[in-house]
Amino acid sequence: MINYLNTQDISGKKVIARFDFNVPLKDGQITDSTRIDLSLDTIKLLIEKGASKITMMSHLGRPKGKFDKKLSLEPVAKYIADKLGIEVVLTESATDRGIKTLLSLPTTKLVLLENLRFHPEETSNDSEFSRKLASYGDVYLNDAFGTSHRKHSSVHGIVSHFDHKNVIAGLLIEKELIALNTVLESPKKPFVGIIGGAKVSDKIKIIEQLLGPVDHLIIGGAMAYPFLNAKGYSIGKSLCSEEDVILAKKILSSKNHAKIILPSDHIIAENPDSAPEFSEDENIVDEMMGLDIGEKTVAKFSDICSKAKTILWNGPMGLFEIEDFSRGTFSIAKSLSENTECFSLVGGGDSVSAVNKSGLSRYMGHISTGGGASLEYIEQGTLVGVQALKHGLK
Ligand code: AMP
């Protein structure tokens, strides 16, 4: 059983809390604050519920176990302090000797540990490092859904130092689990999966997993070319590896293959920088590459989406970062937004940024913050970090 923050008494307790503040930075400035913004409600609730100290921790980027000034959490500390109007003290490191003293000062409320991944022990789930992190709190809270598929100290090892009653899930994890479980355990029918993006091998398990419960599985984006190739269509210079065609053939010969729906036409170009042209049907001529789904396909996919009651969407329908090849992805976002009878769950980094870019994110049932984590949850039905929250490790 997971202890959710909403129902827990943490008054007067010191909380050590794992968040996902892994935001993109450019020249020391946060370029997209979504991940921090989504954590603010949990931080506010911890304050409201009377936590005596809140020590926040997160990773940022991939510093590979070494200090890197460019990946300091300093801009994050400043952003949270500005948003909440409370001082946030950033420590020199996650194992700084002064932290214990800092936590005994009556004035300090919010502490942010410096980037966890400046320490190689974080990713190796080192027991001494986990023990050190655990020593900063009476209670451990995890709200880092996007990192909860990783067996790292701050998500996994740390839990072994707390009784299960003192292991709590934050508001964001609660929301993510409710949305994912709605789709996976009791999807209203018709249930439609939409898988796009670029690499079949990364998503093969999710396709196999979804083919059972869904009524239709739409495959678009570069994911579609290995399937079209496996069916004997010509795909020109489109992204596609031999390995992916082998995987696609395997799926196309599996029990539920008839549920798979592929593009019937494409927007093509000589390369991503050249002008867009259209294919007449599934086939793409030799010197061209498919970069978006075509008009007939948009209509076909949108029609299926308009009748769905549950949709799970992962991966864009084309090279949406370039305007000429973004129409397919944005049209799918639009048809999801117009189907008010449907619960749509959008997961995976690129589909999330596509939906955000389309300006339609507020019409989606749920937008998952964790790309890899939501995929793994769909494949395996749980995550290491979620298991630790459920059962504890002590
Ligand atoms: P993934 O991480 O597998 O979801 O892949 C997302 C990436 O796939 C995005 O950067 C898209 O631009 C890219 N993508 C989607 N469709 C195509 C395509 N037809 N050709 C090239 N890249 C594509």
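Trainee: Which residue of strand 16 stands opposite Ile195?
Mentor: This is a predicted model, in which local features need pLDDT of at least 70, side-chain atom pairs count only at pLDDT 80 or more, and totals for chains, interfaces and linings use all residues. Residues are numbered from 1 along each chain as its sequence is written, and side-chain values use heavy atoms, with hydrogens and water left out. Strand 10 (residues 191-195) pairs with strand 16 (residues 310-314) in the parallel sense over 5 bridges, where strands are DSSP runs of E with at least two residues, numbered from the N terminus, and a pair needs at least two bridges found by DSSP. In strand 16, the residue opposite Ile195 is Asn314.

Trainee: Which strands lie at the edges of the sheet?
Mentor: The open sheet is formed by 6 strands with parallel pairing, in the order 12-11-10-16-17-18. An edge strand here pairs on one side only, and this holds for strand 12 (260-261) and strand 18 (366-367).

Trainee: What is the omega of the peptide bond from Lys189 to Pro190?
Mentor: Most peptide bonds are trans. Pro190 is found in the loop between helix 7 (171-185) and strand 10, a helix being a DSSP run of H or I with at least four residues. The bond from Lys189 to Pro190 is cis, with omega near -5 degrees.

Trainee: What is the phi of Lys64?
Mentor: Most residues other than glycine have a negative phi. Lys64, placed in the loop between strand 5 (53-57) and helix 3, is not a glycine, yet its phi is positive, at about 55 degrees.

Trainee: How much of the ligand's exposed area does the protein bury?
Mentor: Among the polar contacts (pairs of N or O atoms within 3.5 Å), a backbone N or O atom of Ala198 lies 2.9 Å from a ligand oxygen, and a side-chain N or O atom of Lys203 is also 2.9 Å from an oxygen of the ligand. A polar backbone atom of Ala222 is 3.1 Å from a nitrogen atom of the ligand. Taken alone the ligand exposes 510 Å², by the Shrake-Rupley method with a 1.4 Å probe, and of that area the protein buries 82%.

Conventions
A polar contact is a pair of N or O atoms within 3.5 Å; within protein, one must be able to donate a hydrogen and the other to accept it, and residues adjacent in sequence count only if both atoms are side-chain atoms.
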